[in-house]
Structures are given as structure tokens and as C-alpha cells.
Amino acid sequence: MGMVLPAEQAGYAEMENVEITDTELFYHVRGALKSALQGDPDKYNQLVGVMHCKERLVPEEVALLVTCLKALSGSVSCLDIVHHQSLLSSILGMSMWNYGTDVMDALMELLISLATSGGQYVDLCLEMLVNNFVPPPSFISLLNQPRGILRKGQVIDRVHSTLIDIAELVPLSPMRLEKIVKEKMQKMPINYTKEPFIMAYVENMLKLEGGAIGGLVGRTMLVAIMDWLIDLDVDIAWDEILNEDFTKCIFDMELEDLDGPVDDGQQDGDQLRISWMERLGNASAQKLDSLMVLTFEHLNFCKESGRLSQVFETLLQSFQHTVLTAYKSKFAQFVMFYACTLDPENCGRRFADTLFDIFKSSIYPQWRMSAVAYLASYLARAKFLSISAVAEYVESLVEWCSTYCSNQSGGINPKAHKEFYAGCQAMMYILCFRMRSMLAIPRIRSRLSKHIEYILRHPLSPLMVCLPSVVKEFLRLAKVTNLDVPDNFVSSGLPESDLSISFGGRERLDMFFPFDPCLLLRSDRFIRPNFVYWSMVRSSYDNDEDDDEGTSDEDDIEICTAGKGMNIANGVARSYDQDLDEFDNEMSKMSITPKVAQWFGGELRPEMQMPSRIRPCPESL
């Protein structure tokens, strides 16, 4: 093919406006590289000028650029990283998003030739490819348009196929790629980088994980993504989730029983969820929500491709090192929950086993308490786990608490026995959700009843130390289901909260139940079908109470009103405001406030119910 070399851009010597063939241009390019080494930069500058071409090219300019790139691919042996620095900089600074497929293909061919010509070029080529994970700012607005979607596919497919080609020819390149991807992440602060750039980058990281070189770089990609999720998660402060008036009580909402899909913005409950998103802070919360949806979709892909077990092991290790120790984590842990829903028998059981093992054997008390809090919340909320599986872990937990009691002779000491009290509270919390179905099995009822009565009667007095609202609900439901619990415990008033605060520690792990309902709008649709909400459980017990005892058992139970928290105080019962009946059908608000006047200075509220969400107080954070 012949072509006319156009006048060069300002700053570079002009190429003669003559018609030459591709072969002649090939020798012209090679001669330009050699002349630069000999101190004659004119032809070299002309070549650099071609690489500095403007974004919108006419067909003749495209042909010239493609031919020069191909000529350079056959002349990489003539390149010198020092003398040809400006040329290399121009090539490696090109954005594939600005060109058509002809230029893209020629550029990828050149990168492969460069990377395989010498080790000094490998990192430079990998960096150029990683930089093309993200479109230029001017292209962001086009990503949702047909033209932008088409270009995105063209770029990403070529980037990843080139990375694979380089990995096959340079075996050590995946190791270098891992480092470059992580370094690029450090230059993109998750809290300050705009969502489209973060989403594009994570999408490519997940494509690497699920691609041909995923076995070499996949683990690093998943761990890095989980780190980003945690960074976003902890950036959402608790005081953005809790009530704006912190002096009243600790409360939150559980949005449930919606009549329509989560994405149906016309549903009242969905509007409330949107308001929560606004309260969480649009930037961080929506970015986290989008990234979690992307991660959930990738987990589905892993299941379909038969790789879920392998990926789950990586996620589990990451969970233990990052999420478990991030005591203010609010949403990132739902990645584990969703992975378990995809394979309850393997991933679901593996997750519970790991949490219980950490609780039993870790040398770090805080890790043990955090693990059993995760275990309790997980077993209570996981609809996909069979009742026999849940019962197995509850029995093990009860047996552990019973054995602990057998080895102790002293009385109440929240700080010295905080792991024990954490285990007892976990046991009671799970039973609040699962008691009816578990006790329907005679063998389980017999074993649990014997151990639980012994634990509750022990001088360590877990009922006096554990979170008052959990204790109250557990004892109420134990009476409804005729569980063998001493009458004096059922009829006694609630204990003070100082002991709970003491064993919970600075992080208030006594109030940490991490798998409370997910408030992230888009993520919730993945979680909701496999999630147990408190209203599902409470309604069945309420029906029994209505049939058997009327309202006599509710004399000392308070139900929170809309817009307020709830108090447990002096057994005072108040009726629910009638104008809130319709509102209560959509959601349940909760707060756990042991004697509000004691540490929050709140006021009395109408009736108490089992907490739908348990969160630490702002002061403790």
C-alpha cells in the first residue's frame, strides 16, 4: 500500500509530502531509530511526531500510524530505552480508547514484541495495559451509550488477550502484573476516585481473576478488592447509620416484607431504603453498593464455571485477615454471606466451621468474640442453612459454654470471662431466631434443655451480663416454647447494662451482630431471598401468645414507635400509636437501651421487641 506522509505537528521536523510504500516506510522507521543513535534526530523526531497524532484521525493518518506501529514491531531490536525515550513514552502513553481497532491491533502487536524483546520493557508494557483498564475522563459519559459499550468491549478484550500472550511468552510477567495492579490501586484512593473509574478498574481485576491467568494472579485480585470494600465500609461512620439524635438511644431500622422487588422505586419500603442510602452518604455508600453488586455477579460466574470453592477459600482467608478484625465493618461481610448462599453445603458449612474454630482456639480474645458474633448473626439469618446444620453448631456452642462453666467456680466477672459471655449471648441470639424449629426435634430439645439450664444456673450468671434485650427476648420465647428454663429467670426483671458494657469492651462486641439486614439498595436484592428477617420469626410467636395467653406476657415488653428508639424500663407497657400501624407493616425499628437514662439520657418509649439490628453506640467508636 502506498501513502502520503503528512506534514508533522508543530514541534517536530516536517516529513516530506511524498508517496512511499509500506516496505519503504518500514526501512524509513528503522533508519530513523538508527539515526537517533548517531546524533541525527531529524527523522527520529518525525517518527515521534506520528505517535503524537491527534485523537480524531483521517483515514490517511490512521494508515500512517498503523504502518509505523507495525514497522516498530519489526524493529524492536533497534530500540534503545535511553536514546529513544521520547518515542517509547509516546507509544506507552497512548490510550486505546481513542483509536479504532486497526490502531489497537497494531499497538498490541508492538507491546508483545517489546515485552518479549528484553526484560527492561516488560513492566513498561504491563503498566500501559493496566492504564487502559480505565477509560479517559472524556469517555466516561459514553460508557452507557451503544458506541461506548462497543468501544469498551474492543479495548478490554484486546488488553486481556495481550496480557495472556505476554504471560505465555514471559512466564514471570504475571508476578509483575500483580505488583503493577496493586500499585495502580494505591494511586486511585478508593474514597476520592469517582465511581466509574473504580468500577472499570475492579471489573478488569475480576476479569483477570476469572481469566486464563487467574490461577496466577486471581488470589491477589480478590484480596485487593476485599481490601477496597473494607476501606469504603469503614469510611461510612456509624453515626451516619444511627439516629441523628444519639442521646435518645441506639436504634436502626429493618426494612422487610416489601410487596415488590427491591429496585421498584414506587414501593414505600424502597423509598425508605433510598433515604437510608442518602443518610449513609451517597458517594461512599453507592460506590460500595456498586462494587458489591459487581462482586456478587462475579461469584455467580464462578459458580457457573465450577470455581466457587476455590474462590471461596481465598475470600475466607481475606475475611479472617481483614473483615473479621474490622470491628466497624457494616456491609463488606455480605460478600461471604452471598458466597455461602450459592453453595450452602460446602461454602456455607465451611464458613460456620471457620468461625467456630476461631472462637474456640484463637489466642486473641477480641478475635474470638468477633468470630462468635459473626457466627451467631450468620446462623440466625441464613435461610439457606438446614435446621439440622444450625442445630449442630448451637449444640456445639452450648456444650462449649457448659464445659466452661464446669471449669469455673467463681461468680460474675465480665472482663475475665468475656469470651464465655460472648458465647452465651450468641447461643441465646441464635435461639431467638431458631428456637421453634429446633425444639420441635425431641433429641435436640432434650440435649439443649439440660445444658442451657445448667449454664443459666451457674454462678457466672450469663443472664445478668449479656445484652438485656437479647436476654429478655430469649426468656420470653423460651417460655412460649416450654423450654426448661427456671421460672425465676423468666419472671425476673431485666438486669442493668453496666455488665454488658464491661464484657463488650471498647468495641462494644456485645452489641455487634454483623449480618443485620443490608441497607445497600442494590446489594439487598442478592441477599433478601436467602435472609431471615425478625418479623418472620416474631409473628409466629406472637400468634401463639395471642392464642394462649392474650397480652399477659407483654406487660413488660415495649415496642418502639416510628421515629424513636425503645426503652426497657421498669416494666412499663404502653400501647402502640394507632396512626403507626400501617408504618409498622413495612418495617421494624429497634434499639437496645438498658436503662436509657443511665448512659444515653433518653426517655421512656412504648413497648420493646427483639432488635432487628444491633449496633455499637457512637461513643464507643
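Is Met-511 buried or exposed, and what is its relative accessible area?

Guide: Met-511 is buried, with a relative accessible area of 0%; buried means under 20%, exposed over 50%, and partly exposed in between, using a 1.4 Å probe and protein chains only. Before going on, a word on ground rules: this is a predicted model, so to speak of local features we need pLDDT of at least 70, side-chain atom pairs count only at pLDDT 80 or more, and totals for chains, interfaces and linings use all residues. Residues are numbered from 1 along each chain as its sequence is written, and side-chain values use heavy atoms, leaving out hydrogens and water.

Met-511 sits in the loop between α23 and α24. Helices here are DSSP runs of H or I with at least four residues, strands are runs of E with at least two, and both are numbered from the N terminus. From the C-alpha of Met-511 to that of Gln-425 is 9.9 Å, although the two are 86 residues apart along the chain.

Now step to Phe-512, in the loop between α23 (498-504) and α24 (524-527). Its ring pairs with that of Tyr-374: the centres are 5.6 Å apart and the planes stand at 80°, so this is an edge-to-face pair. (Rings of Phe, Tyr and Trp, the last by its six-membered ring, pair if their centres lie within 6.5 Å; planes under 30 degrees apart are stacked, over 60 edge-to-face, the rest tilted.) Tyr-374 belongs to helix α16 (residues 365-381), and the pair links distant parts of the chain, 138 residues apart. Both of these residues, Tyr-374 and Phe-512, are buried. They also belong to one aromatic cluster, whose members include Phe-319, Phe-334, Tyr-378, Phe-515 and Tyr-533. The structure holds 31 aromatic pairs.

Zooming out, the protein has 27 helices and four strands. Of its 621 residues, 56% count as buried. Contact means heavy atoms within 4.5 Å, and among contacts with a separation of 6 or more, 78% are between residues 24 or more positions apart.

Elsewhere, helix α6 (residues 122-131) has buried residues, among them Val-122, Leu-126 and Leu-129. Covering the buried residues of α6 are helices including α5 (101-117) and α8 (173-186). Ser-173 is found in α8, and at 3% relative accessibility it counts as buried. Setting aside neighbours within four places in sequence, Ser-173 is in contact with Val-122, Leu-126, Ile-166 and Ala-167.

Most residues other than glycine have a negative phi. Ser-461, which is not a glycine, has a positive phi of about 50°, and Asn-482 has a positive phi near 60°. Asn-482 is in the loop between α21 (468-480) and α22 (487-491), and at 58% relative accessibility Asn-482 counts as exposed.
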